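Welcome! Take a moment to look over the sequence and the 3D view, and then let's walk through them together.

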Amino acid sequence: ALVINLAAALPRPGLHSGDEAFFIETALRMGSGVLEPFSLSHGTGLSVILLGEFGVWYLIQRFLGYMAAPVDVAWAYVRDPSPFILMGRLTAVVAGLGIILLTERIGRRLIAPLPGLVAAAVVGLSLLPLTMAANFKEELPATAILLVACWLAVKLSGLTGPARRPMRLALLSGLALGAASAIKYTAVLGV
């Protein structure tokens, strides 16, 4: 925890917003065993995703012989936050691509293929998702997971078949809504 607090106090080149540092440092704190939220203005879901990514990165670094203990991850952040920033931004990019794909799928299912493609193109060319991916925040992952909930609900609305399948889709849609709300509290309003 001392290393992470030291990292929070030092200037970090390459970070464009305090939110990037917040999510990275919250994930690192979680990795050190501190599970309390440090802010009620952000959900912890994105930090949990980043913690998983940092864990995989640590295992790869350990396998390659570059790290010996989990505390080395915090020291790596102090020395050079670039890999952590990159992982966060790649998460935002993947979420943005998921938003485009899910928009197309939902439009195709509700209306027709062409309107689905047009909707996906409009979303893909919008300025806000592009800026969010360059400076990662919780909006893109929350929106992507919220669209998963919508996609499941759309599939549920057109189902005919065994009684257990609609219940499974409804449960998965609810779980996705909960996951989106864990990332961004206001995602619950997406219902």
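Two residues are in contact when their heavy atoms lie within 4.5 Å. With that in mind, Phe54 touches Ile24, Ala27, Leu28, Phe84 and Met87, leaving aside residues up to four places away in sequence. Please keep in mind that this is a predicted model.

**Overall picture**
- The protein has 9 helices and 0 strands.
- Of its 191 residues, 39% are buried.
- Among contacts with a separation of 6 or more, 63% join residues 24 or more positions apart.
- The accessible surface is about 10,500 Å², and carbon and sulfur atoms account for 72% of it.

**Inside the protein**
- The largest nonpolar core has 33 residues, and Ile24, Phe54 and Phe84 touch the most other members.
- At least two residues of this core come from each of helix 2 (18-31), helix 3, helix 4 (71-79), helix 5 (82-110), helix 7 (127-134) and helix 8 (139-157).
- Helix 5 gives the most to this core, namely 8 residues.
- There is also a second, separate core of 6 residues, including Ala149 and Ala176.
- Helix 8 has 19 residues and spans 26 Å from its first C-alpha to its last, close to the expected 27 Å.
- Buried residues in helix 8 include Leu140, Trp151 and Val154.

- Val56, Ile60, Phe63, Leu64 and Tyr66 make a nonpolar surface patch of about 610 Å².
- Ile60 sits in helix 3 (residues 45-63), and it counts as partly exposed because its relative accessible area is 45%, between the cut-offs of 20% and 50%.

**Salt bridges**
- The count comes to 6 salt bridges.
- Glu104, Arg105 and Arg108 are linked in a network of salt bridges.
- In the pair of Arg105 and Glu104, the closest N and O atoms are 2.9 Å apart, while Glu104 and Arg108 meet at 2.8 Å, N to O.
- Glu104 and Arg108 are 4 residues apart in helix 5, so about one helical turn separates them.
- An α-helix has 3.6 residues a turn, so residues three or four places apart point the same way.
- Is Glu104 buried or exposed? Glu104 is buried, with a relative accessible area of 8%, whereas Arg108 is partly exposed at 34%.
- Lys184 forms a salt bridge with Glu138, with the closest N and O atoms 3.4 Å apart.
- This pair links distant parts of the chain, 46 residues apart: Lys184 is in the segment after helix 9 (164-183), and Glu138 is in the loop between helix 7 and helix 8.
- Lys184 is partly exposed at 21% relative accessible area, while Glu138 is buried at 1%.

Conventions: Residues are numbered from 1 along each chain as its sequence is written. This is a predicted model: local features need pLDDT of at least 70, side-chain atom pairs count only at pLDDT 80 or more; totals for chains, interfaces and linings use all residues. Side-chain values use heavy atoms; hydrogens and water are left out. Buried means under 20% relative accessible area, exposed over 50%, partly exposed in between (1.4 Å probe, protein chains only). Accessible areas come from the Shrake-Rupley method with a 1.4 Å probe; for residues, only the protein chains shown count as cover. Patches are made of residues with over 30% relative accessible area and no salt bridge: like charges are joined within 9 Å, nonpolar side chains (Val, Leu, Ile, Met, Phe, Trp, Tyr) within 5 Å. A salt bridge is a side-chain nitrogen of Lys or Arg within 4 Å of a carboxyl oxygen of Asp or Glu. A nonpolar core is a set of buried Ala, Val, Leu, Ile, Met, Phe, Trp, Tyr and Cys residues joined through side-chain atoms within 4.5 Å. The expected span of a helix is 1.5 Å times one less than its number of residues.
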